[in-house]
Amino acid sequence: AVLWSAELGGPSASSPLFLDGRVYVGVGLPKNSLKAFDAATGAPLFEKKTAQPGGQPVDSAPSSDGTRVFFGANDGRAYAVDRLTGASSWPSPGYYQTMGGSYGLTALAVSGGTLYAVPGGDERKLFALSAPNGDQTGVSVQLQPTAGGEGWMGVTSPALDGGNIYL
């Protein structure tokens, strides 16, 4: 049985994140935001819009370290918000900007205080960011697809297992 449904105000390609009685989901045009709902009732809790001007859809699935919720937008920006209030968790401007990437459907992964991101587009690199403040702590060389594997770069999400990162 359906417990509740909510009007998002735009399409969503994002998989939801369930965390501590809340559901977080990314929303596309025209809302361009991350929305949070009470999991039991569907009551809206907050909406975090992407940076303006030029805010972009949030198609990537959100992730969390238990304190913050992380998400990427289609303009190459990665965001961190307080899981309870939706307030920016990183210093101004409140996001990390890649130079030519777009998160599209790629989710961000977090482990041990590090956020891992693979924006598609021109970036084609694995970025490591400090989960508490958004500072870049590492970046890979440009990733190269295998023959016929070009499409993975726009949709891959990092998966973590101990000290290994899988793409």
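Phe37 stands opposite Pro44 of strand S4. This pairing belongs to a predicted model. In total, five bridges join S3, residues 33–38, to S4. The two strands run antiparallel. They form a hairpin, with five residues between them. Within that turn, Gly42 adopts a positive phi of about 85°.

Strands S1, S2, S3 and S4 make up an open sheet of four strands. Their order in the sheet is S1-S2-S3-S4, and the pairing is antiparallel. Strand S1 (17–19) and strand S4 (44–49) stand at the edges. Each has a single partner strand, so one side of each is left without a neighbour in the sheet. On average, neighbouring strands of this sheet are turned by 20° against each other, direction ignored. Strands of a sheet pair through backbone hydrogen bonds, in either a parallel or an antiparallel manner.

The secondary structure of the protein chain as a whole was then assigned. The chain contains 14 strands and zero helices. Read along the sequence, the pattern is β-β-β-β-β-β-β-β-β-β-β-β-β-β.

Overall dimensions were computed next. The C-alpha trace spans about 45 × 35 × 30 Å along its principal axes. The radius of gyration of the protein chain is 15 Å. A compact globule of 167 residues would have a value near 15 Å, so the chain agrees with that expectation.

Of the 167 residues, 47% count as buried, where buried means under 20% relative accessible area. The accessible surface of the protein chain comes to about 7,900 Å². Carbon and sulfur atoms account for 54% of this area. Contacts were examined by sequence separation. Among those between residues at least 6 apart in sequence, 39% join residues at least 24 apart.

The mean pLDDT of the protein chain is 88. A value of 70 or more is reached by 90% of the residues.

Note on methods. Residues numbered from 1 in each chain as written. Predicted model: local features only at pLDDT ≥ 70, side-chain atom pairs only at ≥ 80, totals over all residues. Heavy atoms only, no water. Pairing = 2+ DSSP bridges. Axes fitted to C-alpha atoms, helices over the stretch in contact; angles between N-to-C directions. pLDDT = per-residue confidence, 0-100. Rg over C-alpha atoms; globule rule 2.2 N^0.38 Å. Buried < 20%, exposed > 50% of the residue type's maximum accessible area, 1.4 Å probe, protein only. Contact = heavy atoms within 4.5 Å. Areas by Shrake-Rupley, 256 points an atom, 1.4 Å probe, with all protein chains shown as cover.
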